[in-house]
Amino acid sequence: MANVITDETIEYVGILSKLELDAAQKEQAKKDLEEMLDYIDQLGELDTDGVEPMSHVHPLCNRFREDVVTNGDDREHILANAPEEKDGTFVVPRTFD
Amino acid sequence: MGILDCTAVELGKKIQAGEVSVREAVEAVIEQIEQTEGTYHCYITWDKEGALRQADLIQKKIDAKELTGPLAGVPVAIKDNMTTEGMLTTCASKILGNFVPTYTAEAVRHLQEAGVVIIGKANMDEFAMGSTTETSAYGATKNPWNPEHVPGGSSGGSAAAVAAKECFFALGSDTGGSIRQPAAFCGVVGLKPTYGTVSRYGLIAYGSSLDQIGPLCKDVTDTAVVLETIAKADEKDSTSILRNDTNFTAALIEDVEGIKIGIPRDYFGEGLDPEVSAAVKKAADELRAHGAIVEEFDLSLVDYAIPAYYTIADAEASSNLERFDGIKYGYRTTEYEGLHNMYKKTRSEGFGEEVKRRIMLGSFVLSSGYYDAYYLKALKVKALIKQAFDDAFEKYDIILGPVAPTTAPKLGASLSDPLKMYLGDIYTISVNLAGLPGISVPCGVDSKGLPIGLQMIADCFNENVLIQAAYTYEKIREQLQERQG
């Protein structure tokens with residue numbers, strides 16, 4: 001079964017991925033996605049009824065610890081990596097008018 | 001024998017004995033880098049002054065008998081997806097082009113405690129997504145055996161740096177073969193440990209349920225020593241496992257008598273280069289001649305590993321790479337209108353093509369309406385693949401096969417067809433899905449003069465049998481080569 005990715009779908013994938021694509025990139029992305037999905041579809045040949053999905057290979061459970069701060073104040077170094085900072089905080093573009 | 005011809009362990013011994021100073025070792029490596037780096041481009045960042053400063057500090061500790069371990073004073077390369085405090089860490093991406101971490105990855109910290117000298121950060125495929133080191137935003141690495149060919153990937157810079165003697169060993173990471181395949185292409189030894197053995201703290205995540213850090217070395221002895229140094233439980237990584245069997249150097253025993261080795265028939269089908277096939281089968285014959293019990297068997301499900309892998313890895317990647325938003329660190333676009341436009345433009349300009357391709361596929365398979373059909377289905381197939389390995393390890397101690405279908409391809413030959421590049425991962429990828437340990441050891445050279453790798457896979461937590469078999473094979477091959485002069 002050949003997958004067809006519509007303009008709406010690729011638009012939606014762009015929103016989910018937070019990526020901006022121009023017209024040519026959208027066409028390429030549709031083609032790449034269709035090709036990969038056609039390939040992935042072969043998983044459908046396998047009968048997986050009753051199989052538990054395996055998210056983790058080892059039987060691990062959550063390990064809890066006390067909520068105690070162990071790292072020191074590294075604000076200066078952390079902010080040194082920020083594209084923009086002001087008064088010891090990250091600067092983000094205006095989100096509300 | 002010059003300093004650069006020593007293995008890491010040989011160099012460490014000479015340093016402890018006072019025959020070579022740490023500074024001499026570092027200067028030898030730097031001289032080599034200055035001569036060959038222009039051709040091979042193994043490093044994204046390397047720091048001559050910093051390395052010499054480390055060398056003097058470490059020498060003092062060695063002289064004071066504070067550092068007595070086998071790796072003290074040994075110069076190493078670290079793949080550029082592991083954080084290093086105060087040293088640029090780019091993940092080979094433009095989006096992290098100016099990122100200087102405030103903390104060091106746990107595995108790297110263990111090496112520092114053992115007294116290694118960090119020379120620099122090795123080149124890689126961007127965010128470890130690729131099989132050739134050509135998706136790096138900082139230019140491709142070349143294969144030291146023939147610079148017209150790729151070194152493999154994604155840990156291509158790490159493998160090439162070891163092969164080019166631009167370090168004595170390196171750390172890499174392996175999500176679908178990214179240690180073992182470049183090790184094979186560059187003629188060095190590479191080991192991917194059991195999932196959970198090495199802390200992922202400070203490893204910039206790609207596919208979190210698959211990623212493991214491991215060593216790339218000149219021989220199996222170095223590999224065991226490095227693994228022993230970095231394999232420690234860590235409460236900062238919730239998937240890290242406390243193991244009491246990490247005395248890996250104890251497994252450096254030359255003996256395969258009675259070890260049961262299974263060779264999957266399904267690994268020798270269509271697409272496998274005849275020269276690779278012949279070299280791997282010859283290695284199996286040599287192990288049989290030394291007392292191993294070698295049989296062929298059907299592993300099954302081999303063809304399904306790649307589609308399951310790319311679904312799971314890309315799903316995890318799409319989530320992991322959400323953090324690159326142009327706010328806390330890294331690149332931010334210059335012109336934008338509002339927050340969401342800033343996110344989109346930053347990410348579109350900051351990520352390369354392969355990374356964007358995988359983020360989009362990952363976002364799609366996790367999206368409402370497709371989650372069950374793709375992501376959940378892949379997790380179920382993963383369970384079946386794990387079961388197939390469990391069945392195989394009921395009968396065998398080791399599964400033996402090729403690392404990759406071919407030797408290193410030429411530069412520029414792989415990226416035009418992503419799906420074809422993905423198919424090259426067929427023998428390595430299922431090991432990550434099942435969380436198993438796997439090792440790549442050199443087993444020959446093809447008619448083009450490029451190295452061939454032999455892969456051995458063991459059940460979870462059985463690195464010891466893997467190291468013993470690989471060590472024995474390495475000795476057998478050394479003896480054969482000596483006899484052939």
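User: Two residues are in contact if their C-beta atoms, placed from the backbone, lie within 7 Å. On that basis, what share of the contacts in chain B between residues at least 6 apart in sequence join residues at least 24 apart?

Analyst: In this predicted model, the share is 75% for chain B.

User: What makes chain B as compact as a globular protein of that length?

Analyst: The globule rule gives 23 Å for 485 residues, and the radius of gyration of chain B is 21 Å; the two values are close, so chain B is as compact as a globular protein of that length. Along the principal axes, its C-alpha atoms fill a box of roughly 70 × 55 × 45 Å. Chain B has 15 helices and eleven strands.

User: How many of the residues of chain B count as buried, as a percentage?

Analyst: A residue is buried if 20 or more other C-beta atoms lie within 10 Å of its own. By that cut-off, 61% of the 485 residues of chain B are buried.

User: How do you know that chain A touches chain B, and which elements of chain A give two or more residues to that side?

Analyst: By the contact criterion, 39 residues of chain A are in contact with 53 residues of chain B. The elements of chain A that give two or more residues to this side are α1, α2 (23–40) and α3. The largest share, seven residues, comes from α2(A). By class, the side of chain A that touches chain B divides into 21 nonpolar, nine polar and nine charged residues.

User: What is the confidence in chain A?

Analyst: On a scale from 0 to 100, the mean pLDDT of chain A is 92, and 98% of its residues reach 70 or more.

Note on methods. Residues are numbered from 1 along each chain as its sequence is written. Chains are lettered from A and ligands numbered from 1 in the order in which they are written. This is a predicted model: local features need pLDDT of at least 70, side-chain atom pairs count only at pLDDT 80 or more; totals for chains, interfaces and linings use all residues. pLDDT is the predictor's confidence in each residue, from 0 to 100. Helices (H or I, at least four residues) and strands (E, at least two) are DSSP runs, numbered from the N terminus. Ala, Val, Leu, Ile, Met, Phe, Trp, Tyr, Cys and Pro count as nonpolar, Asp, Glu, Lys and Arg as charged, and the others, Gly among them, as polar. The radius of gyration is taken over C-alpha atoms; the globule rule is 2.2 Å times the number of residues to the power 0.38. A residue is buried if 20 or more other C-beta atoms lie within 10 Å of its own, exposed if 12 or fewer, and partly exposed in between; C-beta atoms are placed from the backbone.
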